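Subject: Structure for you to look at

Dear colleague,

I am handing over the structure we spoke about, and below it I set out what was found. Please keep in mind while reading that this is a predicted model.

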Amino acid sequence: MLESRAMPSDAPRTRKQRQPKLLDAEALWSYALKILGMRALSTGEARDKLKRKAENADDIEGIISRLRDHGYLNDTRFAESYARARREGEGFGKMRVIRDLRQRRVAPGVAEEAVKEFEPMKSPDGKLTPD
């Protein structure tokens with residue numbers, strides 16, 4: 001007769017919540033460069049990501065300022081590039097692009113300015129499409 005043995009896979013699993021490793025100022029700077037190297041971010045998005053990793057919250061604004069000084073963070077440039085890509089690549093109108101920029105934590109005035117130059121889009125039959 002075979003004995004029933006409890007297997008490790010039968011035991012209830014409890015998942016420990018993993019705490020992110022907190023970074024000092026120099027490691028936070030390296031992390032900021034890494035995340036900006038992966039994709040463009042608005043200042044608000046970068047700030048949010050840095051908050052989750054910062055050992056000392058006082059380091060964040062200094063790093064944001066340093067990123068701006070070096071030209072790595074520029075919300076105007078980000079918004080213009082993002083708006084152009086959304087308009088040309090996906091055909092979105094002004095209101096949709098503004099909404100998407102606001103969700104990406106871009107200031108309202110910067111988002112409005114980024115779509116200011118949008119031309120009305122035309123459908124394949126030559127008619128103007130609503131924005």
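A crossing of two helices is called right-handed if the near helix is turned clockwise from the far one by less than a right angle, and left-handed if it is turned anticlockwise. By that convention, the crossing of α1 and α3 is right-handed. The axes of these two helices, α1 and α3, come within 10 Å and cross at roughly 45 degrees, and α1 and α3 are therefore oblique to each other. On the α1 side the contact is made by A25, E26, L28, W29, A32, L33 and L36, and on the α3 side by D59, I60, I63, R66 and L67. Sorted by class, this contact of α1 with α3 has nine nonpolar and three charged residues, with no polar ones.

Helix α2, which spans residues 43–53, has T43, G44, E45, A46, R47 and L50 as its buried residues, and these pack against α1 (25–38), α3 (58–69) and α4 (75–90). Leaving aside residues up to four places away in sequence, L50 touches L28, Y31, A32, I60, I63 and I64.

Technical notes. Residues are numbered from 1 along each chain as its sequence is written. This is a predicted model: local features need pLDDT of at least 70, side-chain atom pairs count only at pLDDT 80 or more; totals for chains, interfaces and linings use all residues. Side-chain values use heavy atoms; hydrogens and water are left out. Buried means under 20% relative accessible area, exposed over 50%, partly exposed in between (1.4 Å probe, protein chains only). Helices (H or I, at least four residues) and strands (E, at least two) are DSSP runs, numbered from the N terminus. Contact means heavy atoms within 4.5 Å. Axes are lines fitted to C-alpha atoms, for helices over the stretch in contact, and angles run from 0 to 180 degrees between N-to-C directions. Angles under 35 degrees count as roughly parallel, over 145 as roughly antiparallel, 65 to 115 as roughly perpendicular and the rest as oblique. Ala, Val, Leu, Ile, Met, Phe, Trp, Tyr, Cys and Pro count as nonpolar, Asp, Glu, Lys and Arg as charged, and the others, Gly among them, as polar.
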